[in-house]
Amino acid sequence: MRVPALALFTRALRVDVRQKRSHLLRMAFAGLIFLAMAAAEISSRTTGAPGLDFFRSIAYFNVAVLTLAGVGYFATAVTEDKDEGTFDLLKLAGIGPLGLLLGKSTTRLAATLLILAVQFPFTFLAVTLGGVLPQQVFAMYASLAAYAILLANLGLLCSVVSRGSAMATGLMAVLLGLYFVAKEMVEGLWPELVRAGLLSAGGRESVVAGLHDSSIWFRMRDVLQARFTGGIWDFQVQSNLAAAGVLFGLSWWGLRIVSRADRSRRPLSGWLAKLVRGRPSRRSRRAWRHALFWKELYGTAGGPRILAIKSLVLVGMPAVLRWIAWTDPVRPSGWRDISENLMSLMLVLLAAESSIYASLVFRSDVRQQTLPLLAMLPVSIARLAWAKAAAIVLALAPAAACFLIAAGLHPDGFASAVGRWLSAPADWLFLLQFLVFLHATAFLSLVVKWGALPLALVMV
């Protein structure tokens, strides 16, 4: 018996099974397991628990790949059809909201869970190397599977509420950043909100404990301990699965509202039209003298309006923190921590933004089939690539300016604050590897349809 809601899901699974690329990707992950095992075997001469080192490298690698997959893979489940103009055709074919969600998002989740399943039996080699218990292996993959399900449904919700892939990936990156720093934000902002009378001081410990226990980062730290005594069905697994169910329900509800609005679409008028469409511009938007740069600035970076908003938010952060320091004076050591934390946050934001832009810089032209038209222009391919790079550099300028301002406010001086990030040869090596990662991401955005970010991480 065929279920109509599972028609698109079944077809997507069959296509995935018949593609050689999917099986090669799973084989690549299995090969990485053997490489990590070989590295652990070599380091066993100097360490007492090589199995734990092997197990730790697999765990953190999977967390990194899943996080990047959430931004570049899960967040574009529905927006790809919106960008290509096939979203309305799927609805005309009689595919309901549930069938569309299952066919577009759940198939990607199934492919990701299959990658974890391929690694699972090989990870038990860590038990034979020593330092790891079988219970830790089960606990780690249960946590990773729950985290993958959470990312898939969070990306699905971002894809439903966004107009395009660029907006969906940006929203997903922001939400993931809040997910990882939620505990620290609550710990830092709760006393200020209590002082302002907005919250009570009683529930702070329970909220912080809940955010700690539901985070995959802190869960991995617990699982990777030498003497792990926790269970498999942990609070992190339960909370991630529960949140994933709620997010899937919100996505289903949101997609039904969008479909119902499209069926009964009426032209807006009056104040509602002004609110939705904005005030009509007196001048038509025309390309600048450097048309390629203008195109990438509006297409990839969001345009001058988004750039101005980012500049006000990011560049204004050091000013707000400095004002707080003036109104409530802190010790030099306390201001040093604030400056270093802000610099670290900006570095993470720069890495995330540049990775997302690298995955979208050529992808939009491939998807809209405008790359052959651009190649026919009387400009070289190198000039075309440099125009795209210049727009991305301008889009990264607010975060870079915030980093430099935070370094200038450091008590030890600007040179000392910046030098601590580039003082060791390993820092320069990591920077060069990251540049190779960006080039690999841009190249894969030309080759693959989706998943350029995680594939580039696997390659590098």
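Guide: Helices (H or I, at least four residues) and strands (E, at least two) are DSSP runs, numbered from the N terminus. The model above is predicted: local features need pLDDT of at least 70 and side-chain atom pairs count only at pLDDT 80 or more, while totals for chains, interfaces and linings use all residues. Residues are numbered from 1 along each chain as its sequence is written, and side-chain values use heavy atoms, with hydrogens and water left out.

Visitor: How many helices and strands are there in the chain?

Guide: The chain has 460 residues, of which 38% are buried; buried means under 20% relative accessible area, exposed over 50%, and partly exposed in between (1.4 Å probe, protein chains only). Its DSSP runs come to 22 helices and 0 strands.

Visitor: Is E353 buried or exposed?

Guide: E353 is part of helix α16, residues 332-360. Leaving out residues up to four places away in sequence, E353 touches K310, A395, L396 and A399, where contact means heavy atoms within 4.5 Å. Its relative accessible area is 12%, so E353 counts as buried.

Visitor: Where is T76, and which residues is T76 in contact with?

Guide: T76 sits in the loop between α3 (50-72) and α4 (79-84). Because its relative accessibility is 7%, T76 counts as buried. Neighbours within four places in sequence aside, the contacts of T76 are R108, S159, S165 and T169.

Visitor: Which residues have the most contacts inside the largest nonpolar core?

Guide: A nonpolar core is a set of buried Ala, Val, Leu, Ile, Met, Phe, Trp, Tyr and Cys residues joined through side-chain atoms within 4.5 Å. The largest one here has 54 residues, and those with the most contacts inside it are F55, M140 and M172.

Visitor: Which helix gives the largest share of this core?

Guide: M140, one of the residues with the most contacts in the core, is in contact with F55, I58, A59, T123, M220 and V223, setting aside neighbours within four places in sequence. The largest share is 13 residues, and they come from residues 134-161, helix α8.

Visitor: How are α8 and α11 oriented to each other?

Guide: Q136, A139, M140, S143, L144 and Y147 of α8 meet I216, R219, M220 and V223 of α11. The axes, lines fitted to C-alpha atoms over the stretch in contact, are 10 Å apart at an angle of about 175°, on a scale from 0 to 180 degrees between N-to-C directions. Angles under 35 degrees count as roughly parallel, over 145 as roughly antiparallel, 65 to 115 as roughly perpendicular and the rest as oblique. The pair α8 and α11 is therefore roughly antiparallel.

Visitor: What are α21 and α22 to each other in orientation?

Guide: Helix α21 (residues 425-447) packs against helix α22 (residues 452-459) with the axes 8 Å apart and an angle of about 130°. The contact includes F437 and L444 of α21 and L453 and M459 of α22. The two helices are therefore oblique.

Visitor: How far apart are the C-alpha atoms of Q236 and L211?

Guide: Q236 belongs to helix α12, residues 235-263, and is buried, with a relative accessible area of 0%. Beyond neighbours within four places in sequence, its contacts include S143 and Y147, as well as D213 and R219. Q236 and L211 are 25 residues apart along the chain, and their C-alpha atoms are separated by 9.2 Å.
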